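This report describes how the parts of the model meet one another.

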Amino acid sequence: MSNGAILPLRLADVSFAAGGRTIIDGVSLEIETGPSTIILGANGAGKSVLMRLMHGLLSPTSGRIYWSAPERPGTPRKQAMVFQRPVMLRRSAYSNVAYALKIAGIPEPQRGALAHEALESVGLMHLAQRAARILSGGEQQRLALARAWALHPEVLFLDEPTASLDPSATREIEAVIRAFDSSGTKIVMATHNLGQARRLGDEILFLNQGRLVERAPVEQFFAKPQTAQAAAFIKGELPWT
Amino acid sequence: MSEALSTALELLVRFDPKLVEIVSLSLGVSLSAVAVATLLGLPMGAAIAVGRFPGRQTVIVMLNALMGLPPVVVGLLVYLLLSRAGPLGSLGLLFTPGAMVIAQSILILPIVAALSRQAIEDAWREYEEQLRSLGAKRTSAALTLLWDTRFSLLTAVLAGFGRAAAEVGAVMIVGGNIDGVTRVMTTSIALETSKGDLPLALGLGFILITIVLALNAAAYLTKELAQRRYG
Amino acid sequence: MDMIRRLLLSVALLAALPALAQEKFIVVASTTSTEQSGLFGYLLPVFQKKTGIQVRVVALGTGQALDLARRGDADVVFVHARSAEEKFLAEGHGVQRFDVMYNDFVLIGPKSDPAKVSGGKDILEGLRKIKAASAPFVSRGDKSGTHIAELDLWKLAGIDIATEKGPWYRDTGQGMGPALNTAAAMNAYILSDRGTWISFKNRGELVIAVEGDKRLFNQYGVMLVNPAKHPNVKKDLGQAFVDWVISPEGQKTIAEYKIGGEQLFFPNAK
């Protein structure tokens, strides 16, 4: 608490309903520092909504979400998010990262070094001056990662970051995520890709029809799933909801 | 028709001083009005696009409707304002280019605001999540979007200019079509038509169309080149 | 409100900069006939050269010009409808009325002359024939001096045009030029002042049908707008214009204005 760390993140009986439908149903969980957490589930399970609730883009219709330290306005955010489709401004790759730093209130003289460091870490320095919107899908997603990571957030949320990418771009992104994980950033990633969950995850949170159905370390989840839904999902039999 | 074309060419080639005076005044008045409408209209459009407030839908509908303000009605209202018998008569603006700029600014402000509102609202749909995720407040997001949608906004500004350069009702009433002072292309065309000098009127019309076309072509090329560079 | 004033003023100053360079000017409300005949284009530069005063003419119909002055938006009026001018004076909006010049009206009509009035010298007879033949007739209908004169002539001819008109009578609500355009397109009769007719270029099949009748006499008058009622009126500059226009020099300049060798206006200041 005193060091300003925002983790652990706690969700207490959180529900979210929209358009007459309950999308998240009574989820309670705690996200701690350390192991990378994968939110696994079929399409329509509610992964994206859960991510947005945790990140703060949506407010729960019932229940509470609280970080261990409050967000102080005027200071850089300690959690960032990368979306399935990257949204870049009509400016250079470098400027997009610098923009994020500017919004966070980083003074101008410091932005250059931080932006360059972020671009280096994803291997995009050679494209720094290129217009961001004409980069390839994989390059834009790497840029989104750089932008999110530039402020060295405590938590990095990723909502199906490789769902729109081809296999080689996917590999590049996974490499970057692994590097960020090693450097100490807490990774919380939503995916429906079993292989990716296995490659990148330390623990699995399995979501089914808006409910947190199972939680286990990654090897245990895949070797010995405790619930029928999890077992069916791993076997690929879960119906599309 | 051919007489009109040859009259137009003759005026241009001779660089007829009266023509130069009239064209300069036309461009000066309309471009000034565009500047005012842009300065006020773009922030207005951005604020409405990004903001959430009661009555927002009503404001949007009204703004769109005001795009169709008849120029002659605007002219009449501004005349009543600026007339000596009116509230702002002491400013002595009636029958000066200043009055024409005011009237045209009022006329095209809704166009610039409504079209920019649409462009920015479309962009907001794309950017909102990401910008909020980065921690941008609404005002800062609006400013960011204004710059990011600059190419679409250029189209809105051009639409405003086109309207201003083409209208005659407002500038006729508040300017008075005074020779050498407030006579612009459109009022000249109206005058020559009423004098029965149709070839001259048509010739002036060709020149007006050519100028507006040239400006639009230049803006379009700029936009194309920039879009290719920035995506 | 103060902010709006300041914003308006700066916009106006920026745009009016070239106009401000001309320090001495007056606004004269006049009629479309005097403007379109080209008289002002000839007359005003002479006045400006002599006095340094720029004359800005706002050309409207007589009724509109007088209304403009009633609101204080003009310094001088220069129109041609005696009855309307007298009313203006009686209301206290003008200082004094002076005769300046006259021209005449002419009855214009199609070469084919369906009402058989061509060559006549009696305007009233001509109007009666037009009504009898239900020949198309274009009226200005805009409270202008010409319109008022036309209505007076119908009355003199014993016709209550308001009730006796038919579809042959086209009330257009336009200035002299546009009305002539309409008459040319319709091959109709129309009452016009000679000055506008002489400089009108889109005649089509129209020619002069009746002229020379004393009742077609058209008197122009000039008045300084009353500074007592409208304090913003530039009374010294305006008076200078009035004085010059009725002076021997001004009168001579009016007489000198010709189109195709033909004099348009005849000075008659007393």
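## Chains B and C

Where chains B and C meet, the contact takes 27 residues from chain C and 26 residues from chain B, two residues being in contact if their C-beta atoms, placed from the backbone, lie within 7 Å. On the side of chain C that touches chain B, helix H1 (2-20), strand E2 (54-60) and helix H9 (176-186) of chain C each supply at least two residues; helices (H or I, at least four residues) and strands (E, at least two) are DSSP runs, numbered from the N terminus. H1(C) provides the largest share of this side, eight residues. By class, the side of chain C that touches chain B holds 14 nonpolar, nine polar and four charged residues, where Ala, Val, Leu, Ile, Met, Phe, Trp, Tyr, Cys and Pro count as nonpolar, Asp, Glu, Lys and Arg as charged, and the others, Gly among them, as polar.

The model is predicted, so that local features need pLDDT of at least 70 and side-chain atom pairs count only at pLDDT 80 or more, whereas totals for chains, interfaces and linings use all residues. Residues are numbered from 1 along each chain as its sequence is written, while chains are lettered from A and ligands numbered from 1 in the order in which they are written.

## The other chain pairs

Two pairs of chains are in contact, and of these chains B and C share the most contacts. Chain A and chain C, by contrast, do not touch, their nearest C-alpha atoms being 33 Å apart.

The contact between chains A and B takes 15 residues from chain B and 14 residues from chain A. Helix H5 (97-134), helix H6 (138-148) and helix H10 (198-230) of chain B are the elements that give two or more residues to the side of chain B that touches chain A, and H5(B) gives the most, with seven residues. That side of chain B divides into four nonpolar, six polar and five charged residues.

## Two domains in chain C

Chain C is assigned domain 1 (2-102 + 219-267) and domain 2 (103-216), with bounds that come from an automatic or database domain assignment. The C-alpha centres of the two domains of chain C lie 28 Å apart, and their contact takes 21 residues from domain 1 and 16 residues from domain 2.

On the side of domain 1 of chain C that touches domain 2 of chain C, helix H2 (32-36), helix H4 (62-70) and helix H5 (82-90) of chain C each supply at least two residues. H2(C) gives the most to this side, with three residues, and the classes present there are nine nonpolar, 11 polar and one charged.
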